[in-house]
Amino acid sequence: MNSTPTSTPTSTPTSIAIIGAGPGGLTCARVLQLHGVDVTVYDADASATARDQGGTLDMQPDTGQHALRAAELWDEFVSLARPEGEQMRLVARDGGIVFDGAPPEEGRGNPEIDRGQLREILFNSLAPRSIRWGHKLERAEPIGAGRHRLHFAHGDTAEADLVIGADGAWSRVRRLLSDAVPVYTGVTFVETGLEDADVRHPELARLTGDGTMMALDDNLGIVAQRNSAGRIRVYAGMRVPEDWYARTGVDLADTAAVRAALLARFADWSPALLRYLTDTDSGYVNRPLYALPVPHTWEHTPGVTLLGDAAHLMSPFSGMGANLAMRDGADLARALVDQHGVDEAVTAYEKILLPRSVEAAEGAAEGIAGAFAPDSAEQARAHMTSHH
Ligand SMILES: Cc1cc2nc3c(=O)[nH]c(=O)nc-3n(C[C@H](O)[C@H](O)[C@H](O)COP(=O)(O)OP(=O)(O)OC[C@H]3O[C@@H](n4cnc5c(N)ncnc54)[C@H](O)[C@@H]3O)c2cc1C
């Protein structure tokens, strides 16, 4: 397997700038480099490991898995993937197990991988010096003939024939194409975590199982998700106003105050489930969930396009965001390699990108509405039993 980018000269003398080294931008860069196309990736983070990359992702056949194969990184993925992590358990607010999904058959299903590990596989596959960390894009300015000048926060500038906005939910590149802004979904996740869970928190580890444990009821939810190295990531989900903490006078930096506020909201939930919130080994991070309006479209504009969350941010209830971002990245790269002109390639890519994401985004909107509703326990039970 060829896992090293070729350095064959390309017939595409185009300067391509990808803004954002998330799963989408990195996949796009990798597939371009595999085909000898030069590309520079700019990311706001100071380094690959500067920020906790978040929980685990399941890679799905038509999207994430397809992209990993296009990137010739399938073997690297398989060596780190956790097929058992796909297991899904539904628990009632009284702590009783309502539904336990069977583990997938060997070699099937959607294996899980930690987001940090996925970023590392992609990052390590790129040619040296093709990522510029510490480059936060402030704005991209059209300078004629489809070219753009990139202005970075620390004062550097660069020019590109094609700017690919892979810069996530709050994309700066998106401003060149549309006025759309992410809208609060009505649901906030407060994230916390358990370290070395099998040893330090054996009862919670057992209740979690090998994959994801979900307890949903009456506009609230506790989700616990196995990560690698014995870590369990926990989300306390609540349908609340975006400024719920300010309204109730909670200082988000005050761990004890956040814990007390969560316990008050989940007051009549089983003590076994409440331990996910109290026995934490980390603080609490407030994560309001946002989505772009559906469908989010734009008029084709020479020299600039979007992929991943920048194009179609959706709630995590699609389970598809990173998968779609990677498929977008692989498809855009492939179009640039296969088509004669950049504009032709981007036009062809945009024709498939937008319809594909609409279905997932509609599913995500329905999913989050059902998961945080007064009757979400019944809805979740019906959903799980009909899908497994
Ligand atoms: C709680 C939660 C759980 C999720 N679970 C799943 C799941 O199970 N499966 C799944 O498929 N998806 C899941 N998602 C969605 C997934 O996280 C995103 O869809 C995915 O990360 C999008 O990838 P991306 O490459 O488009 O953008 P991102 O991953 O957001 O990457 C964007 C990159 O751009 C950089 N950047 C941002 N602004 C700038 C700037 N101005 N200049 C330079 N760089 C910039 C950032 O530093 C970042 O590295 C989940 C999301 C959340 C919130």
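Me: Which residues of helix α2 are buried?

Reply: This is a predicted model. A residue counts as buried when its relative accessible area is under 20%. In helix α2, which covers residues 61–70, the buried residues are T63, G64, Q65, A67 and L68. Seen down the axis of α2, these residues fall within an arc of 160 degrees, so they line one face of the helix.

Me: Against which helices do the buried residues of α2 pack?

Reply: They pack against α1 (23–34), α3 (74–80), α4 (115–124) and α11 (321–338).

Me: What follows α2?

Reply: E72 follows α2, and the phi of E72 is positive, near 55 degrees.

Me: How is the protein divided into domains?

Reply: The domain assignment gives domain 1, made up of 16–85, 108–181 and 292–370, and domain 2, which spans 183–291. The C-alpha centres of the two domains lie 29 Å apart.

Me: How much area do domain 1 and domain 2 bury between them?

Reply: The size of an interface is often given as the accessible area lost when the parts come together. Here domain 1 and domain 2 bury about 1400 Å² between them, with 58% of it on carbon and sulfur atoms. On the side of domain 1, T56, F317 and I368 lose the most area to domain 2, together 26% of what that side buries. In terms of contacts, 20 residues of domain 1 touch 18 residues of domain 2.

Me: How many salt bridges and polar contacts are there between domain 1 and domain 2?

Reply: The count of salt bridges between the two domains is zero, whereas four residue pairs are in polar contact across the interface, both residues at pLDDT 80 or more.

Terms used:
Residues numbered from 1 in each chain as written. Predicted model: local features only at pLDDT ≥ 70, side-chain atom pairs only at ≥ 80, totals over all residues. Heavy atoms only, no water. Buried < 20%, exposed > 50% of the residue type's maximum accessible area, 1.4 Å probe, protein only. Helix = DSSP H or I, 4+ residues; strand = E, 2+ residues; numbered from the N terminus. Arc of directions from axis to C-beta. Contact = heavy atoms within 4.5 Å. Domains from an automatic or database assignment. Buried area = accessible area lost by both parts, 1.4 Å probe. Salt bridge = Lys/Arg side-chain N within 4 Å of Asp/Glu carboxyl O. Polar contact = N/O pair within 3.5 Å; in protein donor to acceptor, adjacent residues only side chain to side chain.
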